[in-house]
Amino acid sequence: MCGIVGYIGEQNATPIILNGLKRLEYRGYDSAGLAVLENGHIEVRRDAGKLEKLSALVQANPVSGKLGIGHTRWATHGEPSARNAHPHMGQTGEVVVVHNGIVENYLELREELTAEGVPFTSDTDTECIVHLIEGFLSVEGGLVEAVRRSLQRLQGAHGVVVFSSREPDKIVAARIGNAGGVVVGLGQGENYVASDIPAILEHTRQMVFLESQQMAVVTRADVQVMTLDGQPVEVKVNTINWDPISAEKGEYRHFMQKEIHEQVRSLTDTLAGRVDFDNGRITLAQLNVDAENARRIKKIFITACGTAAYAGQVGKVLIEDIARIPVEVDIASEFRYRDPIVDEDTVVLAISQSGETADTLAAMEEGRRKGATLWSIVNAIGSQAMRLADGYISMQTGPEIGVASTKAFTAPLVDLYMLAVYLADLRGVIDENRRYELVQDLRLVPALVGKALEKEPEVLQVAREMKYIRNALYLGRGINMPIAYEGALKLKEISYIHAEAYPAGEMKHGPIALVDRDMPVIALALKDPWYEKMISQIEQAKARGGAVVAVATEGDERVAGLADEVFWVPETPWRLSPVVSVIPLQLFAYHIASLKGLDVDQPRNLAKSVTVE
Ligand code: F6R
């Protein structure tokens, strides 16, 4: 989704903005632009397409100045084009705006402004904002007051960043609701504004996060935060420890491949500080739960979208099995609108890499309204899903750049396992021996993932043979059923091959009609409690002429004899097997897309952070 970068200081803002936008490419976008204050007037460069196009525009028609804002746009209102790209300037040319989110009442505002004689030059909802601000610019309090009054007219959720040539000493940034974050980065005699940390991380690690209904007035020397009602807010500075280098591709062709390989490290980091192997204990301090709270829980709703929701389905099996608490997994976009039965003895647990997914945040708010305890498992530090929650588990994966989630899928699998053991312990439903054994199994995880990754050449070979397939059917059962869904999602989103997933037991109820030699079946047949059931499913697919690729446990002769191809994974305790079984499926999807020469890290129509409904 849209990305924002802003700069005010003594350097030339243009390269800082272009560079910052580059770091946000992973969010997905279809046009880009910047506005810089040059010799007292605002210069805008913008176009549809990738950042290279914007850079070329700037090279052909250079612009420089010490104050500027930039934007990558993911079209919602109006096609991707130069006139719809941000920044948007008002009719006097004195105010310029970039915006994330959707102005829900924009038709009404547009009509009102048009009736007043304001000419619109784009199809966007954003343009209303700049005209509103311009209209208020002469009121007492100048730009800050004009932004404040304008924002009060908007419905929906927004991140807005504005500057005006009338007041060339400041940028004004604001956040309303959950349309993505607004971060202010603190420098020496210079300051930054961004929608996301990676955009400005190479310049500063000191960051201030705006909450909903807050504004920041950012000058070279200072940052002031206030509510939209004008009440001053104490500025809380966070230090970000992410390594900017880890946001680079390194030796890999794509971020996705790099991130798949980073899982050994991210899973090692996931365990660090939380697992006491000597005493067989888990501690999740930031969850803020004690034995009394844990015993009161009657039900957990896991709510999330896409890949994160599949992680949640694995979590359901783990929490029900280990902690014996009923768990329902609900797609966030459904949960938020279906009046779920939730009360104060319920936990709503959101899982989100970005922590800014609009539907997931709305589902959390629905939980809050109904009195539930809110927990989240989140990657992006300081994100809304982390801040809204009563307690959280931080994923420890570092920034994930590839749009297709990989390391931010396996980390929550381990987080959910740890959560299950932790809750079971607090509620007194497992004895010391069982707890000790469950905890010891965690020790194996990073090395087992490493072993699965060593099989990349074999997976690549199968990808070469299968890169022309048009369809695929992924099957799994039990704890590996969600991995079938995740494998199919990975394939479809980056290679554009139609892939469906089913709980294998459902085959006989319809989907088996699809199976023939043109419909390869990818079957998860690990040595887990559902193994025998999967074997019989593979036999049925073979009997109908289907080509079977199995994900199987090393040394399994039965599967070797049945399947056409096998992705071997090391033997793993079954409750942790999804962390390992998903690895070849991530690699398979990656290599097919890469062999087809597709834009693996930024697949068409997708965005890394889905901050609109
Ligand atoms: C798929 C993928 C998406 C996200 C989903 C939720 O590879 O990445 O399905 O999992 O959009 O995003 P977050 O986790 O940021 O809430």
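Buried area, as I use it here, is the accessible area (1.4 Å probe) that two parts lose on being put together, summed over both.

**Ground rules.** I am working with a predicted model, where local features need pLDDT of at least 70 and side-chain atom pairs count only at pLDDT 80 or more, while totals for chains, interfaces and linings use all residues. I number residues from 1 along each chain as its sequence is written, and side-chain values use heavy atoms, with hydrogens and water left out.

**Layout.** I looked up the domains and found domain 1 (3–244), domain 2 (261–443) and domain 3 (450–595); these bounds come from an automatic or database domain assignment.

**Where domains 2 and 3 meet.** I noted 26 Å between the C-alpha centres of domain 2 and domain 3. For contact (heavy atoms within 4.5 Å), I found 25 residues of domain 2 touching 23 of domain 3. The buried area here is about 1,900 Å², and carbon and sulfur atoms give 73% of that.

**Salt bridge.** I looked for a side-chain nitrogen of Lys or Arg within 4 Å of a carboxyl oxygen of Asp or Glu, and the rule finds one such bridge across this interface. I also looked up the salt bridge between the side chains of Arg575 and Asp321, at 2.6 Å from N to O.

**Helices on the domain 2 side.** I see α7 (263–271), α9 (306–323), α13 (407–427) and α14 (432–442) each supplying at least two residues to the side touching domain 3. The most come from α9, with nine residues. Helices here are DSSP runs (H or I, at least four residues), numbered from the N terminus.
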